Amino acid sequence: MGSVLFGTAATGSSGGSDSRGDGLAPDAQKANIFDPSAIKAVLDLATVQALRKTYEEDHTHSNLKLAIGFLACLVGIAAYVYPISFPDNKQFLKWCVILYFAFSSLIQAISTVFFRDVIFVTQAKSFPSEKDHFYIRVISKLPRYETKYSLTFTAILNDKPHGFERSFDIQKYFDAEGYFYEKRYGSEVENFVRDTVKNAGKKKAQ
């Protein structure tokens with residue numbers, strides 16, 4: 001991904017002028033357009049900020065990982081302060097090592113298997129004038145050497161997932177120098193959220 005790709009869609013400069021004609025000046029935030037991970041990090045953060053305007057974040061999985069990590073720390077402390085000296089404590093140390101790696105593996109499994117690429121999970125929220133509740137899980141992807149940043153919004157309604165995906169051409173939101181058009185991107189994400197909830201409601205009614 002190079003500056004040539006961005007040059008075809010934007011010629012904005014660090015001076016804050018907007019060549020796209022939509023009245024939105026580049027935000028102060030800047031990313032290295034040669035680094036896909038930096039571009040994705042900026043877009044992920046902007047996506048989360050746009051979602052937080054309407055939804056509260058569910059920290060359950062983060063708290064779970066913290067709790068498991070705390071247990072792993074306790075195991076390490078127990079191995080260190082155990083009053084019986086080596087080699088009489090070998091059996092105890094063996095179980096401490098096993099438990100520590102078990103807890104560490106569990107944290108890794110939660111992160112890579114159940115929440116891979118997940119950047120945001122909303123708290124349960126009800127549809128307007130209805131009792132049914134739903135929550136949204138957001139997954140983002142930006143394949144290497146590509147300019148399409150994709151968001152997958154999965155609305156979980158009555159334990160049934162309804163997935164909706166949209167791709168964003170990153171050339172529309174970064175100029176040739178890497179300045180990010182956050183307001184434009186944020187407004188499009190907010191529209192996508194509204195469409196997701198609306199379409200999920202339609203599927204529920206079917």
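Reply: Accessible areas come from the Shrake-Rupley method with a 1.4 Å probe, and for residues only the protein chains shown count as cover. On that basis, the accessible surface of the protein comes to about 12100 Å², of which 57% belongs to carbon and sulfur atoms. This is a predicted model, in which local features need pLDDT of at least 70 and side-chain atom pairs count only at pLDDT 80 or more, while totals for chains, interfaces and linings use all residues. Residues are numbered from 1 along each chain as its sequence is written, and side-chain values use heavy atoms, with hydrogens and water left out.

Me: How many helices and strands are there in the protein?

Reply: The protein has 5 helices and 5 strands. These are DSSP runs numbered from the N terminus: helices are H or I with at least four residues, strands E with at least two. Along the sequence the pattern is α-α-α-α-β-β-β-β-β-α.

Me: What share of the 206 residues is buried?

Reply: Buried residues make up 36%. Buried means under 20% relative accessible area, exposed over 50%, and partly exposed in between, with a 1.4 Å probe and protein chains only.

Me: How many aromatic pairs turn up in the whole structure?

Reply: The search finds 8 aromatic pairs. Rings of Phe, Tyr and Trp (its six-membered ring) pair if their centres lie within 6.5 Å; planes under 30 degrees apart count as stacked, over 60 as edge-to-face and the rest as tilted. One of the pairs is Phe 168 with Tyr 185, edge-to-face at 5.3 Å centre to centre and 65° between the planes.

Me: Why does that pair tie together parts that are apart in sequence?

Reply: Phe 168 lies in strand β5 (residues 160–169) and Tyr 185 in helix α5 (residues 182–205), so the pair ties together parts that are 17 residues apart in sequence. Phe 168 is buried at 1% relative accessible area, and Tyr 185 is buried at 0%.

Me: And Phe 180 with Tyr 185: what are the distance and the angle?

Reply: Their ring centres are 6.0 Å apart and the planes are at 55°, so this pair is tilted. Phe 180 is also buried, at 0% relative accessibility. Ring pairs link Tyr 149, Phe 168, Tyr 173, Phe 174, Phe 180 and Tyr 185 into a cluster.

Me: Changing topic: is Tyr 145 buried or exposed?

Reply: Tyr 145 is exposed, at 61% relative accessibility. Tyr 145 sits in the loop between β3 (133–141) and β4 (148–157), and its phi is positive, about 70°, although it is not a glycine. Most residues other than glycine have a negative phi.
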